[in-house]
Structure formats: C-alpha cells, structure tokens
Amino acid sequence: MSDLLAISPLIVCAVTGLLVMALDLLAGEGRKGFLAWVTMGGFAVAGVLAYLLWRTPVALTHPFFSGVFALDPHGWFFAEVVLLSGGLAALLAADHNPEQGIQGGETYSLLAFSVTGAILLVVATDLITLFLGLEIMSLSLYVLAASKPTSAFSAEAGMKYFLLGGVASAFLLMGAAFLYGATGHLGLADIVRVLAAKGADTDPLLVQGAVVLLVVALGFKVAAAPFHFWTPDVYEGAPTPITAFMAGAVKAAAFAVLARVLLTLSRAPVFTGLDVTPGDLLLGLSVLSMIFGNVMGVVQTNVKRILAYSSIAHAGYILLGVWATQNLEGTPGVQTLNDAVPFYLLAYAVATVGAFGVLALLGRAGEEDMSLDRIAGLGRRHPALGVALLVSVLSLAGLPPLGGFLAKFNLFRQVLTANPGTSLPWVVLAVLLSVVALYYYLRIILYAFFREPEGEPVPAIASRAGGIALAVTVILTLALGVAPGVFLDASHTAAQATVLAADARPAPAVPAPAASAPAPRPRGDADPARMLRSFQTGSRRMPVPAERPAPPPSRP
Amino acid sequence: MGIETRAITPFLTMTLVLPLLGALLLAMIPADRARAHRAVSLVASLGAFLASLSIWVNFNPALAGFQLVEDHAWMAFGARYTVGVDGINLLLVMLTTVLTPLTILSTFGAIQKRTREFHIAMLVLETSMLGTLLAMDMLLFFFFWEIMLVPMYLIIGIWGGERRIYAAVKFFLYTTIGSVLMFVGIIYLYIQGGSTSFAYLDALKTGLDLQQQFWLFAAFGLAFAIKVPLFPFHTWLPDAHVEAPTAGSVILAGVLLKMGTYGFLRFAIPLFPDAAGTFGMPIMLLAVIGIVYGSFVAWAQDDIKKLVAYSSVAHLGFVMLGMFALTAEAVQGSILQMVNHGVSTGGLFLLVGVLYERRHTRLIAAYGGIAKPMKVFAFFMVVITLSSIGLPGTNGFVGEFLILAGTFREALSTGGDAGTAMLVMGIVASTGVVLGAIYMLTMVRKVLFGPITHAENANLPDVTFREGFVLGTLVVLVFWIGIFPNVFLSRTTASVGALIDTCKGRTVLHRLADLPAAPDGEVYR
C-alpha cells in the first residue's frame, strides 16, 4: 500500500490520461476545452502529492518496487518542473487547438501520458525503468508533434522526431546492454557497486562505451550539439503548446536523467587514467551547443526557430553546470550535481513556456507561419501578450530582475566555485556567447515593440486559459529573479540527491572477488563482456578474470 | 571606509521604491488616459525627489563612510540588499532625482503616443539608476546596472527618430559586451574573497595579487569605459543620442553616462588600486584624446544634437582625467563635473528638444536669428552654453578648474617622466576648454543671432511656462553650483579623502613596504 502511495503522483497522472480519454468520448465536438482544465487539475493534484511526499522523509527511505525508483528530492524536483510545464501546455492548448484545427481531445490524454513517462524517467534508478519512462514520454510526443491534421510541417516534425528519437533510443538500449554485460545488473547503484568491487576485473571499455552511448542518446533528448539538428525543425513544426512542453519538460527530464546516470556511473573506478573522461565529453558538448545555439540563432527569421536555437544554447550552459560537479555533503570524494542546475532548468522551463505560450496565442486558423514579421506591432495591439513576451525573452537572455538572470548568475557562480582553475575560460566564453544570443532575443522584442505590421496585424486568440498560463509564467519568472530563496534551497536539496548512494549499504571491507557480490547474480553475467572482448581482440586468448589485480589488457 | 550610520527611517529605499510604485500604478491605468499617465509619473518622480531631499538633509558631511545604511538579507549565498549613501554618490543621487521630474515635465508635449508605456519606462529607469548608485552590494549593483538598459532600449527604440532601431540595438549590445565581463569579474572577486559575501565593503578587503588586479580592472574597466564612453569606445553614443527622444537624451547624458564614471570611482579604482595605477596613464591619455577628438568632431557637426553628443565625449574626458589624477581636488572636481555635465548637457538637449518641437529639424543651418522671436529661449540657451564651456561664475568653471588644478598638482608632485607626461596631458586638456568655447559659441551664434534666414523662424513661439520652468530650474542650478560650490563640494570632501587614502594605502607595494618581508617574496593576502 505504501508503495502505491509513494508513486501516487505517477498513478494520478496516468489516471488523468485515461479519464481524459473517457471524457473525450462523452464531450461533443468543439467542446473539448474543459479537458485542458481536467488535465491541469490532475497535474496539480499530482504536484501536490509529489510535494507532500517530498516533505515526508519516511517515504524516501523505504525501498519501493525492489528499488527501481528513487523517491528522492531529485526525482520530485524534476517531477514538479515536468508537471508545471505540462499543466501550462495543457492550458495553452485549450484555445490554440480548436483555432488550429486540432479538434480531438487526444492532445490532453497524450500530454498526461507523456508527463507520466517523464516523471517515471526522473525517478528511475534502473535502466529498464529509465528506458520505459523515456519511451512512454517520447512515443506520446511523437504523436503530439504530428497532431496538427492539416499541416505537412507538423507531420514532418513528428516523423523526424520519431526516426531520430528511435535511433537515440537504440543508443540508450545499447548502452544499457553494455552495462548489463559488464556487471550483470541494471540498477545504477548496483552497477557502480559491482564495478567498484570487481575493480580491474571488468573490461573498462564496456563501461566507457556504455557511457558514450548513453551520452549520445540523452544528448539527443536535451538537444545538445552535435545531436541538435532535429530541434529547429521539430520545434517549428509541432503545435506550439507541444513545443513549449518539449522545450520545458522534456529538456528538464532528460537533463535530470543524464546527470543522474553519468554522475552515478562516474563513481565507478573505470574512468581513472583515461585521456578523455565523461566530464570532457560533457564539456565538449557544452561548448559546441553554446557556439551552435548562440551563433546559428542569429540568422533565423522565424521566432520558433530562434527559440529552438536558444534552447540549444541553454542546453550548452546547463551542460557546463553538469560538468562542474560539486562535492556531496557529508561524503568526501563523491561528486554530485551542481546545485545551480535544477534551478536553471526550472527558470528556463518557465521562461521558454512563456515565450512559446505567447506564440501559441497568436495567429488564426490554419496559419502556421511564425516569422518575425508576424509579431510586428504585438506590443501595441496586445499589450498583455507583449509584456509576457518581453519578460520571457529577457529572462531567456538572462537580464535582471528575471529568473533567467539569477539562474545564469547562480550557474556561473557555482561553476566557478566548483572548478576555479579550469572553468574560468569556459565561463568567459559562455558570457561572451550570451551577448551574441542577446542579438536575436532583442530582435524578437524589436519586432514586437518597435515595428508596425506591414499588412493586417495578426489577431490574438482570446483565451482565458492561455492568459492564466502566461500570467503564471510571468509571475514565476519575476519571483525566481527577485525572491528565489525557496527555489534555490529546493534546487540544492535536489542536486544533493542526484548521485545515487551506492554506499548506502555497508561496503565490503576487503574488495571481495567479483563472484561474492551481495546480490544474487544472474546466470552467465560475465559472458557478454567476455564475448565482446574476444570479438574485439579477435582470436587472442584473454587473461582469466581471476588474475586480478593485473592491469586491463592493452588494446592491440 | 565603513558603515557610519544606519537608517532609522528608510529614506534610501523610499527614494528607490517611489518611482517603481508609480510605474505599477501606471500599469493599471487604461492606455488612453494620457493626462493621468503624466500626472502619476510626475507625482511619483517628485515623491522620489522629496525623499531624496530628506537624504540630503540627513547627510552628515563630516563622515567619510556610508550613511543611512539599510541592510537586509536577500539571498542565502551572501548577496544582500544593502544600500547606503556617501560623499561619492550623494550628488549623483540628487542629480538623478532632480533631473528625472524635470525631464518628465519636458515630455508632456513631445510624447503623444503610448504615454503609459513611456512613463513606465522613465520611472523604472529612475529606480534602476538610483539603485545602481546606492547599492553597496556587488550583485545588487549589477542587478540594477543591467535593468537600466531595458527601459532605455525601449525609450530609444519606440519613441526615437528615423534610425532608432539601429541605435537602440547598438546601445544595448555595446553596453552589454562590456558588462558581461564585469559580471564574471564580480563572481571571481566573490570566490576570491571566500565565497561568502558580495558586499562592497568586504570586496575592498579581498587580497589580490597584481595579475588578478590587472585582469579584474580590465573586466570592470571595459564595462565602465563603454558606458562613460571613453574614446575609442564612444561610437554608440552619437547614434543613441541623435535617435533618442529628447527625454531619452537628457537622461542618457545627464545620468546614465555617469554610471560609467561613478563605476570607476566606486569600484574599479578602490578595489584594484595597483591596477588602477598601471592603467592610470593610458586611461588619462585616452581621456585627453577624447577631449580633443570630441571637441574637433563636435566642431564639424551641422546637427545640433550631434554636436552636443560629441561635446559629451569631451566633457567626460575631463571627468576621467580628474579621477585618475587621484588627488583630492581632482576627484572632487570630477564628481562635481559629473553633476555639471548632467545639468548643462541635459539642459542643452532640452533646448534642442524645444527647437525640434517647433521646427522638426535639428540642423544648425535651419535656424539663425531666432533670438528675436524667442527671447527667453535665447537667454536660457546662452546661460546653459556658457555653463557648458565653463565660464567663471557658472558651474562648469568650478569643475574644470578643480580637475585641471588637481592634475597639475599631481603632475608636479609626481615628477620624473610620469610627471612630465601628466603635465603635457593637463596642458592639452586645457586646450579642450578653448575648443569647447569655440564650437559651442559658434553654434549659438549661428542659431540665435544674425539675420533671420528662414521665414518660418520669424514667428516661432517663445518657450511656454512649462518649458521655462524646466530650463529655469537648471539655470538656478548653474549659478548655485557656480557661485556656492562649497555647498556641494563640502559634502564630498570626507569621502573623497578616505577614498584616496584607501587607494594609496592599500596598494600591494605600499603594504609590502610596511610589512616585514614575506617568506619567498610572496605577496601578502
């Protein structure tokens, strides 16, 4: 029973999806708007439950479902970000969808399922659960991206996202298989424990390869360069509320799991003495994303594409934060997530949902062109939308007194604190590139406020639900910038829980031979590793595992 | 330096918050009620002025450190809401609170479209400028420093002239490039000081070796030099000034540019005194180049507003020169000259605005002989021009005299090659005074006197009561500062003295001389 209570937010989200499906059948054509409120209500209940569970330490210590979930502050923090983005996206869709010819109510149920998957993803500590979460989240999104029936762009976006997402999933599975092959376990904590116990006995290449594969798969999901090519097309083609959800929730969830997997695996002693560490990979992705995102956005003329490049650039900043790990309090020598990163993701999610939200409330039936000219005169004709756009875009640009400024400031502060010697040039690069990005953010404001439309101005969709959603983003963006105390604390707690405590149970005093690891090991667990090794080294005989502590065989 | 008195009544916060409250109130008034917008805006800025008067009254000139300090926890990692006033920012705060209501008053005729948004921008701008001046916490300072850009960007971009969009973007990007490096510098300084506090007073105690000081000064200095603007970082200024509406130009020249010079005086020089010594000569050289270059370029302009814009480059060159001479007279003169420049250049922009509203052109050639139809206007223009070129009896004279006197004294007491170089720079700068007289008086002659060459100028209406009130207030300030400069200077003496003592006493070299030799020749931290 307590197991079910502990995952009640997940259950509520899934049930919301089912309920919305049922209600969709009962509701008549053109009266699907209330489904948005039902969805939002379900997410709100889930959010409150998640908060209460977070505040109840008992719920966190008990191992649920054989430990495939970690119901810890890390999971709940990101679950709240996902729920918030999902709820706002649902409200934005309420009047956007009918206007754009998306008549059915399936948007809301798919959104609820996608949120369920994303929450599963952020609480997962086991590679299978993680994969399940990722697929539930992504499959719903593929459909959602293609859900605009009249638009070829939307179909293209869905197809592109599906194909590339499928490849990314394959990478993730392959990485999981490598890890299973190396250790015989799927739980991240178990994997690390076994790797630590076996020491040089495992083939480090398997684990290193697995990390590379996982970074590729998750790098795709967070839209980091060089795996970012889908981002502008999919962001542009998908219905705008869905784009908002993708930019806000999916990025947060993918970063949460990227940080958890990589940081937990980094505790395994297989990365010592390497020329390229997982940290270097992250730094490389970060620099590439910052350069691509900030520079390529300058030449764009479509607001949705500009925001897509902004999303890539922000992925770069966040990766810099993931790279600059911090000490886990109370456990010297263990590195955990930089506590600026969860806050940054929250601030980014709120701002980007706000910016896409304004776009979602613009335009009339069938029109999907979101070029800069289309927002000309927005500030004068629709002052409320104009202010929401101004606040969101300036927050993305990182100007005070908005959440984006504080997030960026806090991120760079913590990156420099964590790694004062090496990180200074990267931080300087990041702030200089953020000036480049400022150019395209200013262009959005410039069109919205300084120009008048050439032809007829674009009408705004009258939407109470959308207005409420935008008001929430504006208020939150201001609150995150001026009074961020609670959010910073929550972010810190979440980050401290990111790396999984493999040492929670007493470690064996003497590193015992691999076979005596506490968990019952599946049959033939070492075989895949050995098979791969012999595959790689041809017919050469491998040293027997018992020869520990011989160094790992050098590659031919 | 330290905290001298804490506030019993939060005058500083009141001054800061009143414009912001006005802006919030404005946001609730419907868009078509232009008269209500103007009234609220004026009342809010006058409220800030009254609150700042109580700062002036409660300010104790004998104290060197910060007074009326308010200090509240803000963020857990060491950023606090700390504001305070001392002899260095007091005059600039007063300048801001005086100039803003006058500017708002001057826009009642000129700004007819989107009045609500305009006045919100003006009031937010006032709060951010005051916050930048009053902040005693580095993060709070940067916070306000960056906020300042947005309303000014909107003011230039929405209510500006033909090429307003280009000018607005250029203004924003230029100033941001400078400030992002300062942003990293502030974080670096925080980490260097033990990652516990962003307080300015703690930052002063941070031990930095010469190399760190060099780079931090470069980061801070670039941000401030662009804002001042110091030659060769001045290219955004003429564009911004020419395209901005009159009110934008007045605030830009009057207050916003002072944030750069103030930043040098408050942060760059006392925080990194050794680097300030290293950079001092090059910066003084650039300042002198700016004086001469700005004067010649101003001379060549046929657009009055451009002429005034380039004269700003020259005038701020004087301010920079005085600051880096780092003697009591020169620094006090610099502070006073910041105020003077705000009054006289602000006044000149207002005068140009008055003309532009009547004739919709700013070309010198379009005027001539308008002293006849516009007698009162001619009086104001002559007085403010004379103050701008520093005629004795006006405010400009006091500032320029103190700066040059201080520079020469420092040059003579330094001696050697450096002294000679400084002496030469002082002499070249003095020619700037003459050049200023030439181009300003030429412009005034062409605009006001001579025969009326354009028929439409013959019947130009003279200044209205409202315009006369705005300009008259500035003229009163011109003579008040010019004849009784001690009212203002005496309030800066203690703080400037302390500043110079800290700078000269805090340098690594001085401390090395005072302390027993450190092992391995290490620098004491």
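Where is the place of T473(A)? I found T473(A) in helix α20 of chain A, residues 464-482. Helices here are DSSP runs of H or I with at least four residues, strands are runs of E with at least two, and both are numbered from the N terminus.

Notes on the model. I am reading a predicted model, where local features need pLDDT of at least 70, side-chain atom pairs count only at pLDDT 80 or more, and totals for chains, interfaces and linings use all residues. Residues are numbered from 1 along each chain as written, chains are lettered from A and ligands numbered from 1 in written order, and side-chain values use heavy atoms, without hydrogens and water.

Entry: T473(A). T473(A) counts as buried because its relative accessibility is 1%; buried means under 20%, exposed over 50%, partly exposed in between, with a 1.4 Å probe and protein chains only. I then listed its contacts (heavy atoms within 4.5 Å). Leaving out residues up to four places away in sequence, T473(A) touches L88(A), V350(A), V353(A) and G354(A).

Entry: chain A. I noted 22 helices and two strands. Of its 556 residues, 61% count as buried.

Entry: the two chains. I found 36 residues of chain A in contact with 33 residues of chain B. The area buried between them is about 3100 Å², and carbon and sulfur atoms give 84% of that. Buried area is the accessible area (1.4 Å probe) that two parts lose on being put together, summed over both.

Entry: the largest pocket. I read its volume as about 1400 Å³. The elements giving two or more residues to its lining include α17 (383-397) and α20 of chain A, and α1 (11-28) of chain B. The lining has 41 residues; P401(A), L478(A), L20(B), I120(B) and V124(B) lie nearest the centre. On a 1 Å grid over the protein atoms alone, a pocket is an open set of points with protein on both sides within 12 Å along at least five of seven lines, a cavity is a set where a 1.4 Å probe fits but cannot get out, and lining residues have an atom within 4 Å of a point. Points are joined across faces, edges and corners, and a volume is the space filled by probe spheres set on them.

Entry: cavities. I found eight of 30 Å³ or more. The largest cavity has a volume of about 140 Å³. Of its 15 lining residues, A397(A), G398(A), S434(A), E146(B) and V180(B) are closest to the centre. Helix α19(A) supplies the largest share of that lining, four residues.
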